[in-house]
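I opened my notebook beside the viewer today. I wanted to look at a strand pairing first, then at some aromatic rings.

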Amino acid sequence: MLHELNLMDWRQSQLYRRKRFLYGMWLFGGCLWLVVQSIFCFEWHKQQTYWQHSEQQFNAQLNEQQQRLREWELRQQHAQQDQRRLAYAEQWIAHSQLPQTLMSILVSVVPSGIYLDEIRLVDQQVVIQGLSRHPTAMNHFIQRLRRASSIEQLDILSVTDQTPDWGSKFNAFQLRLVMSSSIGDLVSAIEKEERLDVH
């Protein structure tokens, strides 16, 4: 009857249990490692997606701000150009009023004894030719012209003695005035601004 009994050695039984426990631990550890790796990959992918989305939003906001800045700079340039055109237009208007301004000045400064023979206005320069009955009248005329605010410069070109046909003695004079509003400066300024706008 002894040959029918299972007399397994207790050492073999214990070794079998240890192997089974070890295999179970390896399997459990492998499953746990897979779970941890899956969680880590999921979180990493989630963070990457979040950072990519944040970067896209930041780039979109940056592009929008840059576009607004360019539009603002363009509006500023247009406003400055409009201001320059307005200033030039005002100067054009002022230059167109030069003849009227000159006549008003001459009416207020010409004393008795001064007779104007010719007045030439070219841009801002005025050449006046006339006759003076005596030197005192001519001095008063020149002093009044120098005090006029619309005249920047006065040059005496010539003063000569002259006796007309009626026999009285006069001093013939020729003066050159420079008015304060210059069409020449205006045109050169406009051309300069146009060249700057082109570049």
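Which residue in S2 does Leu121 stand opposite? I looked it up: Leu121 faces Val126 there. I note that this is a predicted model.

Next I traced the two strands. S1 covers residues 114-122 and S2 covers residues 125-132. They pair in the antiparallel sense, over eight bridges. I then checked the turn of this hairpin. Two residues lie between the strands.

Then I turned to the rings. How many aromatic pairs are there? I count four aromatic pairs, taking ring centres within 6.5 Å as the limit.

I looked at Tyr50 and Trp51, one of these pairs. Their ring centres are 5.7 Å apart. Their planes meet at 70 degrees, so I log the pair as edge-to-face. Are these residues buried or exposed? Tyr50 is exposed, and Trp51 is exposed too.

I went on to Tyr115 and Phe170. This aromatic pair is also edge-to-face, with 6.2 Å centre to centre and 75 degrees between the planes. Where do the two residues sit in the chain? Tyr115 belongs to strand S1, and Phe170 belongs to strand S4, residues 170-179. The two are 55 residues apart, and I note the pair as a link between distant parts of the chain.

Last, I checked accessibility for this pair. Phe170 has 4%, so it goes down as buried.

Notes:
Residues numbered from 1 in each chain as written. Predicted model: local features only at pLDDT ≥ 70, side-chain atom pairs only at ≥ 80, totals over all residues. Heavy atoms only, no water. Pairing = 2+ DSSP bridges. Helix = DSSP H or I, 4+ residues; strand = E, 2+ residues; numbered from the N terminus. Phe/Tyr/Trp six-rings, centres within 6.5 Å; stacked < 30°, edge-to-face > 60°. Buried < 20%, exposed > 50% of the residue type's maximum accessible area, 1.4 Å probe, protein only.
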